[in-house]
Amino acid sequence: MTPPPVDEERPVECPGSTPIARALHDELYTSSLDCVHCGLCLTSCPTYRATGRETSSPRGRIYLMRGLAEGRLEDASLLEEEAFLCLGCRACETACPSGVHYGEMLEQARTIVREQATDFSAARTIERFALRRIVPRPGMLRLVVSLLALAQRTGLDRLAARLLPERTAGMLALAPTVPPEVERRCMPAFTPAVGTRRGRVALFEGCVMPELFGRVNDAARLVLSRAGWEVVVPEAQGCCGALQAHAGDRGFARGLAERNVDAFAPLLEGLDAIVVTSAGCSAALRESPGLVGDGARGVATRVRDVLEFLDETGATLELSPIPERVCYDDPCHLVHAQGIAAAPRRLLQSIPGLELVAHRQPEACCGAAGIYNLTQPEMSAQVLAPKLDALIEAAPSIVATANPGCAMQLASGLAGRGVEARVVHPIELLEAASRLAAPSA
Ligand code: SF4
Ligand code: SF4
């Protein structure tokens, strides 16, 4: 498939006659015209690099969206296939000189093809059930994670991995070891600042983070407090909706985003920032006006990734040495969706004794991409492989990354290669260094 020459482009008033064509035309046709087919994004696209196919590139996918919207293409099945083969990593946005909002167009296209779909596979039904009925419901998610913990403790998970089909067993292998109960408890609603008070921040907890990465949220709470910030954790907050939006369920994601706007908006006066530890969540919260409308702007503009916030406010922490060799790996939703790359490195470099080692593939997608490693395991493994090669070559004792999905994917991949490096969030290293320096904090 070859894209049309630029000079043939002009807005088309009359879209194709199918419901998908009309919806694509209404939702994203104007945005699609920003793409001038230059192709500068192609080599940054993991699925294009893996397949060499134009249709598996950002330019090709935009062309499919536009072709359907204009009625030049009629069969939407290729768009559906390619939209879900896309990782949503947004490396193409970083590369694009025309400012194409590819991530939003992708979510819109996925939602449209899913809404118009007539065949519902068992896998898709399970996925939608999990994303609507389990992930955003803390009680249900806690129950599922507790069952996983029980299976891991009794060895049932290993037995199941031997009995289940290879693909399902592969999904089980991606599950991280459930942390001890003490790390899964609720965070205190209020933590005072240590020393001179600089202001107040609200901590966004997320859905998966409290269950599987409670230690990361707690590390953020402690470091912020030691840096002089009061930390509040509003009870009314909930799942950010990123996974649902990425899966083509923007309507459901909108409801979750509205709930968070309602939870944080009344607190904005007197709040310096809404601090987030998961890159996927901070990107979604920042972009919530695209889902909810202008009413979300007050909350969205106050959102900061925890590393970005500590860096821009000049964290004044006493830090003890951590003599480790650390590779930082950029989560796509931090570096490409939010443009944050230097802050995590600066903070890590501020820890005495820590050797920050570069590796060859820091900004390449790891293949986790929300639940992509479950829905597209082959391509996910293909995308992950060069990243693992680069990390193994750099030989760190610790890999630091700032998103839970990336942490699970890298930990599982490194373990699969027999590498013993720990995978942690950078805030955990800052917490350890500041705790050692100030044991009474
Ligand atoms: S989001 Fe990532 S995988 Fe998808 S088109 Fe852009 S670069 Fe390629
Ligand atoms: S770099 Fe931007 S304008 Fe160029 S082909 Fe890619 S998406 Fe289109």
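Select strand β6 (residues 325-328) and β7: 2 bridges join them, and the two run parallel. Strands here are DSSP E runs of at least two residues, helices are H or I runs of at least four, and both are numbered from the N terminus; two strands pair if DSSP finds at least two bridges between them. This is a predicted model, in which local features need pLDDT of at least 70, side-chain atom pairs count only at pLDDT 80 or more, and totals for chains, interfaces and linings use all residues. Residues are numbered from 1 along each chain as its sequence is written, with chains lettered from A and ligands numbered from 1 in the order in which they are written.

Within this pair, pick Val 326; opposite stands Leu 356 in β7. Now show the open sheet of 4 strands, ordered β7-β6-β8-β9 with parallel pairing. β7 (355-356) and β9 (422-424) each have a single partner strand, so one side of each lacks a neighbour in the sheet.

Next, select strand β2 (residues 199-204). Parallel to β2 runs strand β3 (residues 229-232), joined by 4 bridges, with Gly 199 opposite Trp 229. β2 also pairs in the parallel sense with strand β4 (residues 273-276), again over 4 bridges; there Leu 203 has Val 275 as its bridge partner.

Last, colour by domain, with bounds from an automatic or database domain assignment: domain 2 is 122-181 and domain 4 is 325-437. Their C-alpha centres lie 23 Å apart. The contact (C-beta atoms, placed from the backbone, within 7 Å) takes 7 residues from each of these two domains. On the domain 2 side, helix α10 (residues 166-174) gives the most, 5 residues.
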